[in-house]
Amino acid sequence: EAHVASSLAQAIFEHAARISRTASMTELIRLNADFAHQLPGADRCSLWLVDQQSNELWTILADGVEPIRIPLGQGLVGACVLQQQAILVNDTQSDPRFLGQIDARSGYVTSQVLCIPLRADGQTIGAMQLLNKPEGFNSRDADFVGLLAHFAATAIQGERLRQEAESARLLNHELSLARDVQARMLPQEIPVIEGLEIGAYCRPALQVGGDYYDLLPLDDGRFAFTLGDVSGKGIAAAVIMASVQTLLRSFLQRSSRSLATIIADVSQALYQSSSSNRFSTLFCGIVDLRSGLLTYVNAGQQNPLLLRQGQQPFELPGTGIPLGILSDATFVERSFQLEAGDLLLTFSDGIQEVANPDGEFWEDARPAQILEAHANTAASDLPTIFANQADLWASGAKQHDDMTIVALRFVSRRREGSNHE
């Protein structure tokens with residue numbers, strides 16, 4: 001008997017060395033299940049892992065049985081995990097914890113069960129369940145399977161951590177690519193336009209979203225500006241952002257159609273080329289520098305604020321659905337007559353929804369209050385002031401959305417024949 005025990009222990013240690021060289025989770029589970037049911041002469045072995053999110057146990061390999069899930073704590077294997085101790089039952093019909101419906105579903109008849117918890121890093125991550133040994137399981141089986149379970153749990157947890165680290169590395173790489181796409185698409189410098197003061201600011205969050213803005217002088221004496229936010233984060237959002245901005249810029253420069261028609265065309269292109277959960281909010285405005293007439297379309301973006309000398313700030317009215325929601329979406333084009341000195345501020349929801357360490361957002365009226373307090377500040381400085389005020393409110397709390405602001409002050413109408421520098 002001592003010789004048999006020594007041979008079994010040697011086989012377990014050789015198995016541990018083998019699984020330590022295995023880098024596939026599926027292969028790890030297969031190797032452990034195959035070896036485990038052979039070790040004491042069991043008919044089958046199932047490995048179960050804890051799903052913390054759903055509070056369930058699920059089989060990642062069940063020989064002859066389709067994968068199944070059970071609530072944590074149910075059945076013999078659930079009791080094993082919950083109590084963090086081995087369970088040995090040689091007459092399942094006499095144990096009320098036994099889940100007979102699993103046999104009913106599979107057609108298999110379970111008479112004996114040995115469950116051993118899988119423990120790693122001080123926590124129970126699952127269980128190894130052996131079924132049906134003709135002469136019944138005994139304490140020695142539990143000891144040897146327990147030794148195997150120790151090595152199996154360590155290997156499984158190690159592979160889990162490796163996969164998590166790889167996922168984190170890939171995510172960081174994707175976010176780096178997204179930041180690069182976002183940075184390349186933003187204007188590299190603020191254009192100098194006669195009759196306008198312009199300021200812009202964009203700061204990506206730790207998890208890059210899809211905020212973007214554009215400042216585009218047009219050949220016919222007009223100036224276009226946009227601010228948008230693509231749903232989602234990472235490289236997918238950045239690619240859609242780049243596509244929307246490139247298409248919109250092309251249409252604005254080359255099309256004589258109305259702004260509402262241009263926005264509808266961009267929306268349809270986004271709808272046709274992306275999944276249903278991808279869309280973009282957008283504010284696009286065009287200032288006629290000769291007349292001061294502002295034409296704009298708001299597709300689900302924050303309503304811009306306008307400050308006129310001697311008045312309280314107010315929102316430019318009108319908003320619509322975001323781009324890419326419907327295949328045949330239409331948009332409303334509105335206009336507003338700017339006067340000399342008018343200050344217009346557009347901003348993304350990363351500004352409106354800045355949160356402090358207690359999770360409290362600043363008041364809806366706060367942007368208007370800041371704008372009014374800095375009525376005489378140069379438009380070029382306003383975006384940074386807003387970002388600084390947001391940071392003061394955040395008090396060091398991490399922000400999960402980009403902060404983007406574009407400020408325009410209409411100084412005067414352009415003289416006929418003038419060109420932007």
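Let's begin with a pair of facing residues: Asp211 stands opposite Asp229 in strand β9. The model you are looking at is predicted. Its chain contains 10 helices and 16 strands, and 48% of its 421 residues count as buried. Among contacts between residues at least 6 apart in sequence, 66% join residues at least 24 apart.

**The sheet around β9**

- Strand β9 covers residues 222-230, and β8 pairs with β9 in the antiparallel sense over 8 bridges.
- Both belong to an open sheet of 5 strands, in the order β8-β9-β10-β11-β14, with antiparallel pairing.
- Which strands stand at the edges of this sheet? They are β8 (210-217) and β14, and each has a single partner strand, so one side of each is left without a neighbour in the sheet.
- From one strand to the next, the twist averages 15°.
- As background, strands of a sheet pair through backbone hydrogen bonds, either parallel or antiparallel.

**Strand β11 and its two partners**

- Strand β11 spans residues 293-299 and is mostly covered, with 6 of its 7 residues buried.
- One partner is strand β10 (residues 280-288), which runs antiparallel to β11 and is joined to it by 5 bridges.
- Within this pairing, Cys284 has Val297 in β11 as its bridge partner.
- The two strands β10 and β11 make a hairpin with 4 residues between them, and Gly292 in the turn has a positive phi of about 80°.
- Another partner is strand β14 (residues 334-337), antiparallel to β11 and joined to it by 4 bridges.
- Here Tyr296 stands opposite Arg334 in β14.

**Another open sheet of 5 strands**

- Look next for the order β7-β16-β15-β12-β13, which is an open sheet of 5 strands with antiparallel pairing.
- Its edges are β7 (196-203) and β13 (314-315); each has a single partner strand, so one side of each is left without a neighbour in the sheet.
- Inside the order, strand β12 (residues 305-307) and strand β15 (residues 343-347) run antiparallel and are joined by 3 bridges.
- You can find one of these pairings at Leu306, whose bridge partner in β15 is Leu344.

- Helix α9 (residues 366-373) lies across β12 and β15, and it runs at about 25° to β12.
- Helix α10 (residues 382-394) lies across β7, β15 and β16 (403-410), running at about 140° to β16.
- Two packed helices are described by the angle between their axes and the distance between the axes.
- How do these values come out for α9 and α10? Their axes come within 11 Å and cross at roughly 130°.
- That angle makes α9 oblique to α10, and the crossing is right-handed.
- Where the helices meet, α9 brings Arg366, Pro367, Ile370 and Leu371, while α10 brings Leu382, Ile385, Phe386 and Gln389.
- Sorted by class, this contact has 6 nonpolar, 1 polar and 1 charged residues.

**A covered helix, α3**

- Helix α3 (residues 75-83) is mostly covered, as 7 of its 9 residues are buried.
- The buried ones are Gly75, Leu76, Val77, Gly78, Ala79, Cys80 and Val81.
- Just after α3 comes Gln84, which takes a positive phi of about 55°.

**Loop residues to look up**

- Asn55 sits in the loop between β1 (44-51) and β2 (56-62). Although Asn55 is not a glycine, it has a positive phi of about 55°.
- Asn132 is in the loop between β6 (123-131) and α5 (139-185). The phi of Asn132 is near 60°, a positive value in a residue other than glycine.
- Is Asn132 buried or exposed? With a relative accessible area of 13%, Asn132 is buried, whereas Asn55 is partly exposed at 45%.
- His400 lies in the loop between α10 and β16, and it is exposed, with a relative accessible area of 54%.
- His400 and Pro204 are 196 residues apart in sequence, and 8.9 Å apart in space from C-alpha to C-alpha.

Methods:
Residues are numbered from 1 along each chain as its sequence is written. This is a predicted model: local features need pLDDT of at least 70, side-chain atom pairs count only at pLDDT 80 or more; totals for chains, interfaces and linings use all residues. Side-chain values use heavy atoms; hydrogens and water are left out. Two strands pair if DSSP finds at least two bridges between them. Contact means heavy atoms within 4.5 Å. Axes are lines fitted to C-alpha atoms, for helices over the stretch in contact, and angles run from 0 to 180 degrees between N-to-C directions. Angles under 35 degrees count as roughly parallel, over 145 as roughly antiparallel, 65 to 115 as roughly perpendicular and the rest as oblique. A crossing is left-handed if the near helix is turned anticlockwise from the far one by less than a right angle, and right-handed if clockwise. Ala, Val, Leu, Ile, Met, Phe, Trp, Tyr, Cys and Pro count as nonpolar, Asp, Glu, Lys and Arg as charged, and the others, Gly among them, as polar. Buried means under 20% relative accessible area, exposed over 50%, partly exposed in between (1.4 Å probe, protein chains only).
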